[in-house]
Amino acid sequence: MQGLIVKSSGSAYGVLLQNGSTVEAHVKGNFRIKGIRSTNPVAVGDRVTVESLPDGTNWITDICDRRNYIIRRATNLSKQSHILAANVDQVALLVTVNHPKTSTTFIDRFLATCEAYRVPAALVFNKIDLYDEDDMAELEYMRLLYTEIGYPVYCISATRLDHELDGLLSGKTTLLSGNSGVGKSTLLNSLFGEEKTRTGIISDAHDRGMHTTTFSEMYFLSPDTAIIDTPGIKGFGTFDMQREEVGHYFKEIFLTSKNCRFGNCTHTNEPNCAVLAAVENARIAPSRYESYLSLLGDCDESKYR
């Protein structure tokens, strides 16, 4: 039987079969995807083959070729990867400028990974109803920064959503991701008009979110509109990026690098580097350049040994 992975709890998977029913299925311990070192060989969004045994158990025996996927390093000290979702049309990265604050490094790492795996991405700034004057000024700066780079930007309050995201989500399969506490569960509940997932509270001591989603799951707003909800992510370690390719995943750096003196310029200390000049002249945001340098550091595999 053919089916679609709609839920992953780590040890078992929910598979939506072609007949419309959903079954729980498992994978054998030696099941691996060729060429990908991953902690989860099957991810939400995968299309798979399921075999049902006489004892009532279901086993995933094969996985169809993926159109794309979003992947990150499993831990800071791991050579393994973790696949967040597969076969998605886009990513909606939910972020906040406060309550809690999403770092630009996290945003840029996520966006760079989307570029690397050719998945369109949009930024959704949430909790605007909680922002004071300084927060709103920061929000406007961030909105202009990422809009000028070329990313769609939405500014919302998930608690009083009024169709702001209809045009973004309609007719697509969207991976919804972000730090813990940015309001993913609240947004889902608001979109569906009912409680789909539990919502959490923000720690007063650290202004950080508590994990409320413990597994990945796909929800259908309509037959052709799906949202994949994932557990909150604290950090985003990139995986298998080559040092000479990192600049390609920052749109403005890649565009500017065409004017560098050397074709293999790393934009760190080379003479006549157009990127360094653009940073100095504020044509490339310092935060974006710092994120670029942090990804260069990820390419040093010795730090993960």
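Reader: What do buried, exposed and partly exposed mean here?
Author: Buried means under 20% relative accessible area, exposed means over 50%, and partly exposed is in between, with a 1.4 Å probe and protein chains only.

Reader: And the ground rules?
Author: This is a predicted model, where local features need pLDDT of at least 70, side-chain atom pairs count only at pLDDT 80 or more, and totals for chains, interfaces and linings use all residues. Residues are numbered from 1 along each chain as its sequence is written, and side-chain values use heavy atoms, with hydrogens and water left out.

Reader: Start with T102. Buried or exposed?
Author: T102 has a relative accessible area of 3%, so the residue is buried. T102 sits in the loop between β8 (90–95) and α1 (104–116). Helices (H or I, at least four residues) and strands (E, at least two) are DSSP runs, numbered from the N terminus.

Reader: What does T102 touch?
Author: V95, T96, I107, N179 and V182, leaving out residues up to four places away in sequence. Contact means heavy atoms within 4.5 Å.

Reader: Where is the cis peptide bond?
Author: Between H99 and P100, with omega at about -5 degrees. P100 is in the loop between β8 and α1, and H99 is in the loop between β8 and α1 as well.

Reader: What is phi of H99?
Author: Near 60 degrees, a positive value in a residue other than glycine. H99 has 26% relative accessibility, so it counts as partly exposed.

Reader: And phi of A282?
Author: Near 65 degrees, again positive in a residue other than glycine. A282 lies in the loop between α6 (274–280) and α7. A282 is exposed, at 64% relative accessible area.

Reader: Switching to rings. How many aromatic pairs?
Author: Five. The rule takes rings of Phe, Tyr and Trp (its six-membered ring) with centres within 6.5 Å; planes under 30 degrees apart are stacked, over 60 edge-to-face, and the rest tilted.

Reader: Why is F250 with Y292 edge-to-face?
Author: Their ring centres are 6.0 Å apart and their planes are at 90 degrees, so the pair is edge-to-face. F250 lies in the loop between β15 (225–229) and α5 (251–257), and Y292 lies in helix α7 (residues 286–298), so the pair ties together parts 42 residues apart in sequence. F250 and Y292 are buried. Ring pairs link F250, Y289 and Y292 into a cluster.

Reader: Which charges sit over rings?
Author: The charged end of R66 is over the ring of Y69, 5.7 Å from its centre. K251 lies over the face of Y151, 4.2 Å from the ring centre. The test wants NZ of Lys or CZ of Arg within 6 Å of the ring centre and within 35 degrees of the ring normal.

Reader: How many residues has the largest nonpolar core?
Author: 45, with F110, L123 and Y146 having the most contacts inside it. A nonpolar core is a set of buried Ala, Val, Leu, Ile, Met, Phe, Trp, Tyr and Cys residues joined through side-chain atoms within 4.5 Å. L123 touches several residues, including L93, V95, I107 and Y146, not counting those up to four places away in sequence. A second, separate core of 19 residues includes V246, V275, A278 and L295.
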